[in-house]
Amino acid sequence: MTTSAEGHRPISVELTPHSDRFDPDDVRWATQVGTLWQALTEEAGTVRRDATQVPGKKGGAETIILALGSAGAITAMVEVVKAWLGRDRSRSLKITSVDAAGGRRTITVHGEQIDDATMREALKVLAGPGDA
C-alpha cells in the first residue's frame, strides 16, 4: 500500500447511511444519499459506492467507500458527515474503518446526537488503540 504525501497510509472508511423515516427504496432517500456521496466526492477525495442486495427489496443497502490519505481528507469527511447528519435527525451512519490487514472497527453515529464530542469519539474508535 502506498503512503500519502504526509507519510500516512490511506485509511479506508465505509459509510452505510440509514434513515428511520425513509425506506431504502424511497427515491427521496436515494437523493439524500446521493447528496452525501456528492459532498464527499467534492470535499474528501477518492469515493466509490457499493450496494448489497437486501432480500425481499428492490434495492440494496448502499455503502460509500472512501480512501482517506491525509489529515485534510479526514477533516473534510468529518465536516461533511456532521453537516449531512445534522440536516435530518432521523439519519444515521454506520462508519467502518478497514486497516491494511483487513481488521475492521465500526461505530454508528446518529443525527440526533451529532456534535464535535461524538465525532471525536468516533474517530478514536476508528483509529484503534493508541492511534487517536
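Colleague: Is Trp29 buried or exposed?

Modeller: Trp29 is buried, since its relative accessible area is 6% and the cut-off for buried is under 20%. Keep in mind that this is a predicted model.

Colleague: And Trp84, buried or exposed?

Modeller: Trp84 is buried, with a relative accessible area of 1%.

Colleague: How many aromatic pairs does the structure hold?

Modeller: One aromatic pair. Trp29 and Trp84 form it, with 5.8 Å centre to centre and 55° between the planes, so it goes down as tilted.

Colleague: Which parts does that pair tie together?

Modeller: Trp29 lies in helix H1 and Trp84 in helix H2, so the pair links parts that are 55 residues apart in sequence.

Colleague: OK, the helices then. At what angle do H1 and H2 pack?

Modeller: About 155°, with the axes 9 Å apart; H1 covers residues 27–44 and H2 covers residues 71–86. H1 and H2 are therefore roughly antiparallel to each other, as the angle is over 145 degrees. Their crossing is right-handed.

Colleague: Which residues make the contact?

Modeller: From H1 you have Trp29, Gln32, Val33, Leu36, Ala39, Leu40, Glu43 and Ala44, and from H2 there are Ala73, Ala76, Met77, Val80 and Trp84. By class, the contact of H1 with H2 has 11 nonpolar residues, one polar and one charged.

Colleague: What about H2 and H3, what's the angle there?

Modeller: H2 and helix H3, residues 116–127, pack at about 135°, with their axes 11 Å apart. H2 and H3 are therefore oblique to each other. H2 passes H3 in a right-handed crossing.

Colleague: Which residues meet in that one?

Modeller: Ile74, Val78, Val81 and Lys82 on the H2 side, and Asp116, Met119 and Leu123 on the H3 side. That contact divides into five nonpolar, no polar and two charged residues.

Colleague: How far is Ala122 from Ile107, C-alpha to C-alpha?

Modeller: The C-alpha atoms are separated by 6.3 Å, while Ala122 and Ile107 are 15 residues apart along the chain.

Colleague: Switching to a loop: where is Asp25?

Modeller: Asp25 sits in the loop between strand E1 (11–19) and H1. Asp25 is partly exposed, with a relative accessible area of 28%.

Colleague: Let's zoom out. How many helices and strands are in the chain?

Modeller: Three helices and five strands. From the N terminus on, the elements run β-α-β-β-α-β-β-α.

Colleague: What share of the residues counts as buried?

Modeller: 38% of the 132 residues in the chain.

Colleague: Last one: among contacts between residues at least 6 apart in sequence, what percentage joins residues at least 24 apart?

Modeller: In this chain, 53% of those contacts do.

Technical notes
Residues are numbered from 1 along each chain as its sequence is written. This is a predicted model: local features need pLDDT of at least 70, side-chain atom pairs count only at pLDDT 80 or more; totals for chains, interfaces and linings use all residues. Side-chain values use heavy atoms; hydrogens and water are left out. Axes are lines fitted to C-alpha atoms, for helices over the stretch in contact, and angles run from 0 to 180 degrees between N-to-C directions. Helices (H or I, at least four residues) and strands (E, at least two) are DSSP runs, numbered from the N terminus. Angles under 35 degrees count as roughly parallel, over 145 as roughly antiparallel, 65 to 115 as roughly perpendicular and the rest as oblique. A crossing is left-handed if the near helix is turned anticlockwise from the far one by less than a right angle, and right-handed if clockwise. Contact means heavy atoms within 4.5 Å. Ala, Val, Leu, Ile, Met, Phe, Trp, Tyr, Cys and Pro count as nonpolar, Asp, Glu, Lys and Arg as charged, and the others, Gly among them, as polar. Rings of Phe, Tyr and Trp (its six-membered ring) pair if their centres lie within 6.5 Å; planes under 30 degrees apart count as stacked, over 60 as edge-to-face and the rest as tilted. Buried means under 20% relative accessible area, exposed over 50%, partly exposed in between (1.4 Å probe, protein chains only).
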